[in-house]
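Please take a moment to look at the sequence and the structure shown below. The report that follows goes through them part by part.

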Amino acid sequence: MPIGSPFHSRTDALCRTQEWREWSGYFAAISYQVSHEVEYYSVRNAAGLLDVSPLFKYEITGSDAGQLVDRIMTRNIGKCQVGQVVYSPWCDERGKVIDDGTIARLGETRFRVTAADPNLRWFQDCSSGLDAQVRDVSVEVAALALQGPNARNILKQIFTKIDLDRLPYYHAIEAKLGINRLEISRTGYTGDLGYELWIGADNAEALWDRVMEAGQGFGLQPLGLAALDMLRVEAGLLLIDVDYTSAQHARIPSQYSSPIEIGLGWAVDLAHRDFIGAEALRAEKQRGSLRKFVGLEVSWEALDELFDEVDLPPQVAGRASRMPVPLYAGGKQIGQATSMLFSPILKKYIALATVEAAHSQVGGRVEMEITVEYERKRAEARVAKLPFFDPKRKKALAHS
Amino acid sequence: MARAGKKVLVLEKRPVLGGATVSEEVYPGFRYSVFSYVVSLLRPEIIRDLQLPKHGLTILPLESTLTPLPDGDYLYRDSDKWATYRNIQRFSARDADAYGEYGRDMYFMAKAVKYILGIRPPDPTSLHPGELLRLAKLGKHFLGLGADKLHMLVKLMTMSSAEFLEEWFESDPLIATLSSSGIIGTFLGPRSPGSAYVLLHHYMGEIDGVFRAWGFAKGGTGGISEAIASSARAFGAEMRTDSGVAEVAIRNGQVKGVVLENGAEIDADIVVSSLDPKLTFLTLLNPEELPNELVDSVRGFDTYGSSGKVNLALDAAPDLACLPGLGPHLRGAISISPNVDYLERAYDQAKYGQFSEKPYIDVVLPSMIDPHMAPPGKHVMSCFVQYAPYQLNEGTWPEQREAFGDAVVNTLSEYIPNLKKIILHRQVLSPWDIEQTIGLSGGNIFQGELSLSQLFFLRPAPGYADYRTPIRGYYQCGSATHPGGGITGAPGRLAALEILKDGKL
């Protein structure tokens, strides 16, 4: 049975649908209200509050902490300043992605890494010869994501002593709630302006209450996973074991992915570095990758036509779908779309997909399998630039 | 065989079919799976070919393992991935991480070995083109695994289960409980090289886990024998109980039939023995009819038994000190394996001819899973016990049997305080009793140790691993043939295929 997160007393009281999903052994609300679109729009138009405590969190300390994180991550952590946060995947020796997450440099020799899966053993095993300790703080640190254009204004109601206006994208700042310390990072999984709040589990409920209270008048809604899944697809953010398989779970060669193959080539810094998997990734870079991660926009005209054949308007899922479907080009299967939805804000049917490298050019045409009244059809789609949705406010400083 | 159109007669010495796979009402109202008690390795192809579900085979889930600890704590693992993660994490956060990876890698190992379960072992000394081809196929299979998996497989074939597991884990209750699969039915300790293979042998059921091949047979393990018998009858086979075979009749190197213990003679062109090789070759035949090297091999074949069984009828549910009251933990296995030293000490005593005073015990409560096994509110408790050496240093098993039963009940009572008060009936089976009742030489539950020297093309004897014997028409198909023990049906199936192949020539 899943257990409640440190916010469970609050989320349970609000989850009117009683629709829960298990997230790493915790109860996570799928949708608090019958219409998850209310929650979706709260993030694009106001603010949503999401319990992200089920993330795995590791604290890495010690005089060689920086070296250890740099050894593990494909990103160059040496460049990461205190107070900065970076996003990075990490790989096994063969350069295949194990997981991805954020790395916050909380001090010169103190980092906090988030992960989707347990990684304690891996991080510890990577630390041989270094003075670096890895501690699992998943249970003791509770986390909330406050996302949406009003997120900053809500936080400013609570944290009056810190300058949130000047907190840049992917940076973190320390704050206090009463006498209790917390960290606020300008990060999130929605592709919008947003923050994540990291606090000791004992003070979790007090934080939730304060944020919900401050959010009154700012349109704040509790945010469930159904809406989150839509938001992250619009933001072009991939999900482990949905859009790619972790090297720790893969069973056959085709299930392994390199970071380059899943669209994270930009987060692989090969220059003068010797992180785990670097050698294999250098070779891949030279050789060229076989697959690429892309966005797709399915032609609405094509959908219209296919559904018109059975006298129906296009039927597209109101929620993001995680049912992978094959992609074709020239009559041959060239990949698969792994996450898709009709984007309410873009009014487009969009998908995240993995395709053979030859078919990954933006603007290129592929066909996606669509089921029309139990019959499998194919609709034209074009490779699109990721992210699909990228508002200026996501990275901008206030008043800039 | 009947399915292939042969006229089949099954002869069983006891009044009940199934050998070690039987359910019996030893105490009124309570059904014991007297000997074997869970099923994990029954080959899916047998279930399909013999249409066993149609004939009543139902395998009920047995999904958890509880390891109670002397200090009142416990380790609990079940099919709930994250609850299991948290439970292991209480002992070691690293182990919780490693557990998933271990499961995946063991899946690869089981998959690698699964291929072998389904083939007749090739003879590596033969130059026959067919055998060479089979050897080449086998080599290709193993080389195809890749270096990492091949290395792991070699480790599994050679290491001790505890050492193998220590490469993954650090917490004692987890290592001990996992390593106990490496000692079940085997006269090895968790630190004895070779026990890791037995671990893999028991893990094999996991690979077919999705098809629910692992669990508890409805009606006890006898339910499996009854389903197979019913299927066989439907295909035209005849079963006779109380019909022990005294000898196999041969003439000019060709089998002619059997002579029953009651003197009756039955003619047959083909006789298949599912007994262990000592009975198959040395008792039912005159060894002088056989090549010396086979007789020597069979005499040396290790059938030394090391396990016992205690079956209890209980007036109420057992109440565990670590998890009082009823709960899902009572529907799974309860493993008395608090740490590796505990298991190793249990083995130490057995090495010198004593039963373990503090034994490893694998407990299941069949009536918690299938309520038909006991009257409502009452329970049967099956306790598989290790170690009970076949040969005692002092006294005989009939003299020591109840003292052994006391050791088991006393050990269990440390974890189940109400146990002694609720016992209505106790059945204690030593290896000697197993030998006496169902004829397994030495009381070895696998009809012979699953040691490297007795596996694959060496099982049961070099040159005779293809289910044939030097006597034309006389075959072997028991657990002492490849791929070994457990309720697998695999040796019988592979033997039948060979027999049918010979019939075509």
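How far apart do the C-alpha centres of domain 1 of chain A and domain 2 of chain A lie? They lie 24 Å apart, and the sections below place that value in its setting.

## The model and its confidence

This is a predicted model, in which local features need pLDDT of at least 70 and side-chain atom pairs count only at pLDDT 80 or more, while totals for chains, interfaces and linings use all residues. Residues are numbered from 1 along each chain as its sequence is written, and chains are lettered from A and ligands numbered from 1 in the order in which they are written.

The predictor gives the complex an ipTM of 0.90 and a pTM of 0.92. For chain B the mean pLDDT (the predictor's confidence in each residue, from 0 to 100) is 93, and 98% of the residues of chain B reach 70 or more.

## Domains of chain A

The domain assignment, whose bounds come from an automatic or database source, gives chain A domain 1 (8-55 + 139-223), domain 2 (57-136) and domain 3 (253-257 + 290-384). In the contact between domain 1 and domain 2 of chain A, each of the two supplies 9 residues, where two residues are in contact if their C-beta atoms, placed from the backbone, lie within 7 Å.

On the side of domain 1 of chain A that touches domain 2 of chain A, strand 10 (172-177) and strand 11 (180-185) of chain A each supply at least two residues. Helices (H or I, at least four residues) and strands (E, at least two) are DSSP runs, numbered from the N terminus. By class, this side of domain 1 of chain A has 5 nonpolar, 3 polar and 1 charged residues; Ala, Val, Leu, Ile, Met, Phe, Trp, Tyr, Cys and Pro count as nonpolar, Asp, Glu, Lys and Arg as charged, and the others, Gly among them, as polar.

## A sheet in chain A

In chain A, 5 strands form an open sheet in the order 5-6-7-4-8, with antiparallel pairing; two strands pair if DSSP finds at least two bridges between them. Strand 5 (85-91) and strand 8 (133-136) of chain A are the edge strands, each pairing on one side only, and the twist averages 30° from one strand to the next.

Within this sheet, strand 6 (residues 97-107) and strand 7 (residues 110-115) of chain A pair in the antiparallel sense over 4 bridges, and the bridge partner of A:G107 in strand 7 of chain A is A:R110. Helix 3 (residues 65-72) of chain A packs on the sheet, touching strand 4 (56-61), strand 5, strand 6 and strand 7 of chain A, and the direction of this helix makes about 135° with that of strand 4 of chain A.

## Two helices of chain B

Helix 3 (residues 93-117) and helix 5 (residues 147-158) of chain B pack at an angle of about 80°, with their axes 10 Å apart. Axes are lines fitted to C-alpha atoms, for helices over the stretch in contact, and angles run from 0 to 180 degrees between N-to-C directions. Helix 3 and helix 5 of chain B are therefore roughly perpendicular to each other, a term for angles of 65 to 115 degrees, whereas those under 35 count as roughly parallel, those over 145 as roughly antiparallel and the rest as oblique.

The contact is made by B:D105, B:F108, B:M109 and B:A112 of helix 3 of chain B, together with B:K149, B:M152, B:L153 and B:L156 of helix 5 of chain B.

## Where the chains meet

Between the chains, 12 residues of chain B are in contact with 12 residues of chain A. Helix 3 of chain B gives the most to the side of chain B that touches chain A, with 7 residues, and by class this side has 6 nonpolar, no polar and 6 charged residues.
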